[in-house]
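Dear colleague,

I am handing over the model that we discussed, and my notes on it follow below. Please read them with the structure open beside you.

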Amino acid sequence: MVRNEIKKIIGNASVLIEKPGEKTHGDYSTNIAMIISGKKNPREVAEKLVDKIKDNKMFEKVEIAGPGFINFFISKEYLQKQIKGILEKKEKYGSSKTGKGLKINVEFISANPTGPLTLGNGRGGFGGDVLSNILEKAGYNVAREFYINDRGKQIEDLKKGLYKGEKRTVSQIQKTNQKIITKDMKIKFDVWFSEKSLYKNKEVDRVLALLKKKKLTYGKDDALWFKSTKFGDDKDRVLIKGTGEEAYLLSDVAYLKNKFDRGFKKNIIFIGADHHGYIKRMKAVTEALGYKKEQLEFIVMQLVHLLEGKKEVRMSKRAGTYVTVNELINEVGLDATRFFFLQRGSNSHLNFDLKLAKEKSSNNPVYYVQYAYARICAVSHKSENFQFPISNFQLLDKEEELALIKQLVRFEEVVEDTVKDYQIQRIPQYAIDLAESFHRFYQSCQVIGEDKKLSSSRLALVKATQIVLKNTLELMGISSPSKM
RNA sequence: GUCCCCGUGGUUCAACGGAUAGAACAUGGGAUUUCUAAUCCUAUGAUGGGGGUUCGAUUCCCUCCGGGGACACCA
């Protein structure tokens, strides 16, 4: 990976290497000289560094700019060499061992199965699914988990079919939802975890005894309370109600303990913005159980608004209820639904434009990306008689060709960055960037032509792009159509 | 009242404390004897207000304004 190699050359792994927005500032740049210079002139410090590295073949040039930035321009020889690696690694390209097999639990959707799946469930669902894909690609051992709230008063009501006008029983709803999740949303869970099992296996009793032993509980007004304020929560929380009934939180404590007992070093939970109040108390629980609060991480998904033009669509016309994920998927297709949901940062409210998502044209980024893939397949299909050069890609030196290779090489960094900060929207953005670089290349470079050597070099580049684009789409769970 | 998220061109969004704030859509102009024009090229246009920290702030801190959400012995 280019960035890591630069770090090695500089000799400092914690150096911040960034990708400047401006092309004249190189392919990569660093502000290291400005940080370490202290009272010395940053430019002089930068010069010393540059002297050490400027002869490296990786760079065409290394220059100092502005107050002391060091800008790196990657050499075309280096770029040309990268194609071979991509063609060899194929679907493994972009994978790494960064995670070293560390066990991570990703819990998502976990809707109360008291009704149909909402758009919010969809957003969290796709987010959790894709983050899991990314973590796996980076070498983590990931369990995708769905927590079934199959116990409690609401559930009892449901068994009688009384909840909010719902006509189905709880088990029917659960069955339907599981089917929608796996078939329509194409999400695969490793574990469907039953809340009830925590009671059957006495885990609730044991964790309650543990908290009591740690003197983190007290009785008040007939109820049993957890001293969550001791760990930064706004108020203490009830574990057992005055009626003797276990509060929901108690199950959550037992469930979290169960996850840690199964060896998960990190637990990520996707929740909707309306549940954010839950974070402080669960972080408190984590610490009370003797773990670090960083070992539990919440990703809060802000609300989804469905727009038709400028108007918000609240209710589904047919059912007269809130629009459900499966209705949306039926309306605009799974690929568009996933892409649009993934495109926004979790902190931003998601405005889903129905009209745009339905549009099968250049306005729609999903088709823009998929069209690039279809074009690649069309060209690639005609390439069967060509022999790729094994490692010599010197002929690829047009601006569009080199720009495309730079984009391909960036994939590893995109995955690495996303593993660190969970900003999943980087992936669809990258897909658009990559598709754009390809379309530009395609526009200005005839792939199959008179010059056999050039043709086969370009075909190799097309094949490499096909690999990376497919890997990117697969991370998002979006199909790669060979024809459109 | 307390807590969480957001405020960037006409619209929807980017930008790990960096250089001339980046895209897409919309709008104006242009490109096809060519492997898929669902494409490409080009023009216009933006950080809510006020303080502070910093060599440097869209980013961090304070405050105000505006929008959304949450504050049960519900989950």
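**Helix α1 and its surroundings**

Helix α1 is followed by G11, whose phi is positive, near 85 degrees. Please bear in mind that this is a predicted model, in which local features need pLDDT of at least 70 and side-chain atom pairs count only at pLDDT 80 or more, whereas totals for chains, interfaces and linings use all residues. Residues are numbered from 1 along each chain as its sequence is written, and chains are lettered from A and ligands numbered from 1 in the order in which they are written. Helices (H or I, at least four residues) and strands (E, at least two) are DSSP runs, numbered from the N terminus.

The buried residues of α1, which spans residues 2–10, are V2, R3 and I6; a residue is called buried if 20 or more other C-beta atoms lie within 10 Å of its own, exposed if 12 or fewer, and partly exposed in between, with C-beta atoms placed from the backbone. Seen down the axis of α1, these buried residues fall within an arc of 100 degrees, so they line one face of the helix (the arc is that of the directions from the helix axis to the C-beta atoms). Their cover includes β1, β2 (28–30), β4 and α16 (399–421).

**Chain and sheets**

Chain A has 18 helices and 15 strands, and of its 484 residues 38% count as buried.

Strands are said to pair if DSSP finds at least two bridges between them. One open sheet has 5 strands in the order β7-β6-β5-β11-β12, with parallel pairing; β7 (191–194) and β12 (296–301) stand at its edges, each with a single partner strand, so one side of each is left without a neighbour in the sheet. The twist averages 25 degrees from one strand to the next, where axes are lines fitted to C-alpha atoms, for helices over the stretch in contact, and angles run from 0 to 180 degrees between N-to-C directions. Within this sheet, β5 (residues 103–107) and β6 (residues 141–148) run parallel and are joined by 5 bridges, and V106 has R144 in β6 as its bridge partner.

A further open sheet is antiparallel, with 4 strands in the order β1-β2-β4-β3, and its edge strands, β1 (17–18) and β3 (59–65), each pair on one side only. Between β3 and β4 (residues 69–74) there are 6 bridges in the antiparallel sense, and the partner of F59 in β4 is I74. Helix α3 (residues 42–53) packs on this sheet, touching β3 and β4, and its direction makes about 170 degrees with that of β3.

Two residues other than glycine have a positive phi: K90, near 50 degrees, in the loop between α4 (76–89) and β5, and D222, about 70 degrees, in the loop between β8 (217–220) and β9 (223–226).

Technical notes
Two residues are in contact if their C-beta atoms, placed from the backbone, lie within 7 Å.
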